[in-house]
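Please walk me through the salt bridges of this structure, and explain which parts of the chain they bring together.

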Amino acid sequence: MTRIEFINKVSVKLKLIRLERDYTQDKMADIVGISKKTLVQIEKGRSLLGWSGTVTLCTIFRDSEVLEMTFGGDPQDIILSLAFTDYESNEITMGGKIWWTDIEGEDQFRIQQNIISRHYRILDGQDRRISSSFDDAYIRKRYRELLKKAEV
């Protein structure tokens, strides 16, 4: 997934997110930080949010069921993977029981891929996210580095 694809998907879902919260166009525009006119244009498919507007919307509405169903979980992980090629963190996850497929792994670490967004992540044995990226080669390289480091 690219930034443009991500922006397109979020822009298309803007109206559903607004309706999910039962917000008026005025209130939603105010929350996201755009004009009502711009919001209307986006909802009609004539315009797009842009990167910063998309990040803002996904951050403010990170618990949106619409976004969760669109991206297979929390969109923050996708945002960070798009912003950084090699995003590293130490965040606890649910272990990927719904939106994730195990690609490779052992007890210490495992690689998973999101079934919707197709991005990758590495989890440790306690289901903490170590790294995430859309770059398969990077994730596999980082996985090997983690396994090697754990052997020492």
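Predicted model: local features only at pLDDT ≥ 70, side-chain atom pairs only at ≥ 80, totals over all residues.

A residue is called buried when its relative accessible area is under 20%, exposed when that area is over 50%, and partly exposed in between.

The structure holds 12 salt bridges. One of them joins Arg21 to Asp63, with the closest N and O atoms 2.5 Å apart. Because Arg21 belongs to helix H1 (residues 3–21) while Asp63 sits in the loop between helix H4 (51–60) and helix H5 (65–71), this pair ties together parts that are 42 residues apart in sequence. Arg21 is partly exposed, at 29% relative accessibility, whereas Asp63 is exposed, with a relative accessible area of 56%.

Another salt bridge is formed by the side chains of Asp26 and Lys36, at 4.0 Å from N to O. Asp26 lies in helix H2 (residues 25–32) and Lys36 in helix H3 (residues 36–43), so that the pair, 10 residues apart, links distant parts of the chain. Asp26 is partly exposed, with a relative accessible area of 48%, and Lys36 likewise counts as partly exposed, at 38%.

Within helix H7 (residues 136–151), Arg142 and Glu145 are 3 residues apart, which means that about one helical turn separates them. Their side chains meet in a salt bridge of 3.4 Å, N to O. Arg142 is buried, because its relative accessible area of 19% falls under the 20% cut-off, while Glu145, at 37%, is partly exposed.

Notes:
Residues numbered from 1 in each chain as written. Heavy atoms only, no water. Helix = DSSP H or I, 4+ residues; strand = E, 2+ residues; numbered from the N terminus. Buried < 20%, exposed > 50% of the residue type's maximum accessible area, 1.4 Å probe, protein only.
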